[in-house]
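User: Hello! I am new to this structure and would like to learn how its features get their names. Could you take me through them?

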Amino acid sequence: MRRILVGLLWLVHFLPTRAVAAIGGATGAILFWLIPERRRVTRVNLEKCFPGMPDEARERLARAHFRAFCRGAVDHALLWWAPRARIEKLVRIEGLEHLRALMVKPGGKPGGPPLILLVPHFVGLDAGATRLACEINATSVYSRQKDAQVDALLHLGRSRFGDQRNFSRQEGIRPVLACMREGRPLYYLPDQDYGPRDAIFVPFFGVSAATIPGLSRIARVARAKVLPCVTRMLPRGAGYVLRIEPPWDNFPTDDLAADTRRMNAYIEQRIAEMPEQYNWMHKRFKTRPAGEASFY
C-alpha cells in the first residue's frame with residue numbers, strides 16, 4: 001500500500017500546480033472526517049489558543065487547516081520530483097539579501113558569523129527548505145520518521161539541491177555547530193512539544209507550553225545571529241512565498257526564559273497573519289506542569 005501511495009504521489013508531480021493544490025485541498029476536506037484523533041487535537045489546540053473566537057469560526061479554521069496541511073503534504077510531489085526550475089517558480093523568496101549580507105566578511109569574502117534561520121512549523125516549511133537549497137548550502141535538524149521510506153523521501157527533498165547537511169535529533173548538536181562554523185546557516189524548527197526533557201514552560205497564546213529553549217542556547221554557544229524565516233502558502237495554487245527577515249537585535253540575552261518567550265510571541269504574530277497554516281494537528285500542549293491534567 002505504501003508503494004502504491006508513493007507511486008500515486010509521484011504521478012501527481014506531472015500535473016499543473018493548481019491541480020496539485022486542488023487535490024491537496026480535497027484530500028484535507030476528506031481526511032478531516034477520516035482521522036478523528038487529529039481532528040480532536042486540532043479542535044483542542046484552537047480552543048486553548050483562541051478562547052474568544054466563536055465556535056463556528058474555530059470549526060471553519062480547523063477545516064481550513066486540514067485543507068492547508070494536506071495541500072502542503074501533496075505539494076511534496078513537486079518538492080521531491082519536480083525539476084529545479086519548477087521549484088524556483090513555485091516558491092518566491094523575499095529578503096534573501098538579509099541572509100546573503102551576513103554570509104560574507106567585510107570586503108566581500110565568504111564567511112561571516114554563524115546564522116540561525118528560525119523556522120516555525122507552518123505548512124510551507126518544506127517548500128521553503130527545498131527552495132532555499134537552490135540558493136545556499138545549509139544544515140538542519142530533523143526528527144526521524146517511524147516509516148523508513150517516508151524518512152528517506154523527506155531527507156531527499158531537503159537535500160536534492162546543493163550540498164545540504166541534515167542531522168537527526170539523535171545525533172546531537174555538535175555536528176550542527178561544526179557546519180554552522182563552516183558558514184552553513186541552520187534551518188531550525190524549535191517550536192514543538194518534545195516532552196519535558198530540556199523544556200521550559202513559557203506562554204503560547206497565554207497557555208503554558210513546554211518549549212525547547214534551543215534557539216537561545218545554540219545562538220549563545222555558536223555566537224550566531226537569528227533571522228526569522230517563514231514560508232507562506234498562497235491561495236488557489238499560486239505557490240509559496242519564503243520571507244527572510246532581518247536579524248534580531250539583542251538576541252540572545254542572559255535570560256533563557258525571556259528569549260524563549262520572545263520566540264513564541266513572534267510565532268503568535270505570524271499565526272495571526274495565516275492561522276490556518278500553523279500545524280494545529282501537533283499536540284502542542286502535550287506536556288503539562290506537574291499536577292495538571294492532559295488537554296487531550
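Analyst: Gladly, starting with a definition: angles under 35 degrees count as roughly parallel, over 145 as roughly antiparallel, 65 to 115 as roughly perpendicular and the rest as oblique. Axes are lines fitted to C-alpha atoms, for helices over the stretch in contact, and angles run from 0 to 180 degrees between N-to-C directions. This is a predicted model, where local features need pLDDT of at least 70 and side-chain atom pairs count only at pLDDT 80 or more, while totals for chains, interfaces and linings use all residues. Residues are numbered from 1 along each chain as its sequence is written, and side-chain values use heavy atoms, with hydrogens and water left out.

User: Why are α2 and α4 called oblique to each other?

Analyst: The axes of helix α2 (residues 17–34) and α4 cross at roughly 130 degrees and come within 7 Å. An angle of that kind falls among "the rest", therefore α2 and α4 are oblique. Helices here are DSSP runs (H or I, at least four residues) and strands likewise (E, at least two), numbered from the N terminus.

User: What is the handedness of the crossing of α2 and α4?

Analyst: α2 passes α4 in a right-handed crossing. A crossing is right-handed if the near helix is turned clockwise from the far one by less than a right angle, and left-handed if anticlockwise.

User: Which residues in α2 and α4 meet?

Analyst: Contact means heavy atoms within 4.5 Å. Among the residues in α2 are V20, I23, L31 and F32, and α4 brings residues including A62, F66 and C70. The residues of this contact of α2 with α4 divide into 11 nonpolar, 4 polar and 4 charged. Ala, Val, Leu, Ile, Met, Phe, Trp, Tyr, Cys and Pro count as nonpolar, Asp, Glu, Lys and Arg as charged, and the others, Gly among them, as polar.

User: What makes α3 oblique to α4?

Analyst: Helix α3 (residues 36–49) and helix α4 (residues 55–74) have axes that come within 10 Å and cross at roughly 130 degrees. That angle makes α3 oblique to α4. The crossing of α3 and α4 is right-handed. Its contact includes R38, R39 and L46 of α3 and R58, L61 and H65 of α4. By class, the contact of α3 with α4 has 4 nonpolar, 2 polar and 6 charged residues.

User: Why is the pair of F32 and F66 called edge-to-face?

Analyst: The structure holds 15 aromatic pairs. Rings of Phe, Tyr and Trp (its six-membered ring) pair if their centres lie within 6.5 Å; planes under 30 degrees apart count as stacked, over 60 as edge-to-face and the rest as tilted. F32 and F66 are 5.1 Å apart centre to centre with 85 degrees between the planes, which gives an edge-to-face pair. F32 lies in helix α2 and F66 in helix α4, so the pair ties together parts that are 34 residues apart in sequence.

User: How do you know whether F32 and F66 are buried or exposed?

Analyst: Buried means under 20% relative accessible area, exposed over 50%, partly exposed in between (1.4 Å probe, protein chains only). F32 has a relative accessible area of 2%, so F32 is buried. F66, at 0% relative accessibility, counts as buried too.

User: And why is R223 called exposed?

Analyst: R223 has a relative accessible area of 73%, so R223 is exposed. R223 sits in the loop between α11 (214–222) and β8 (225–233).
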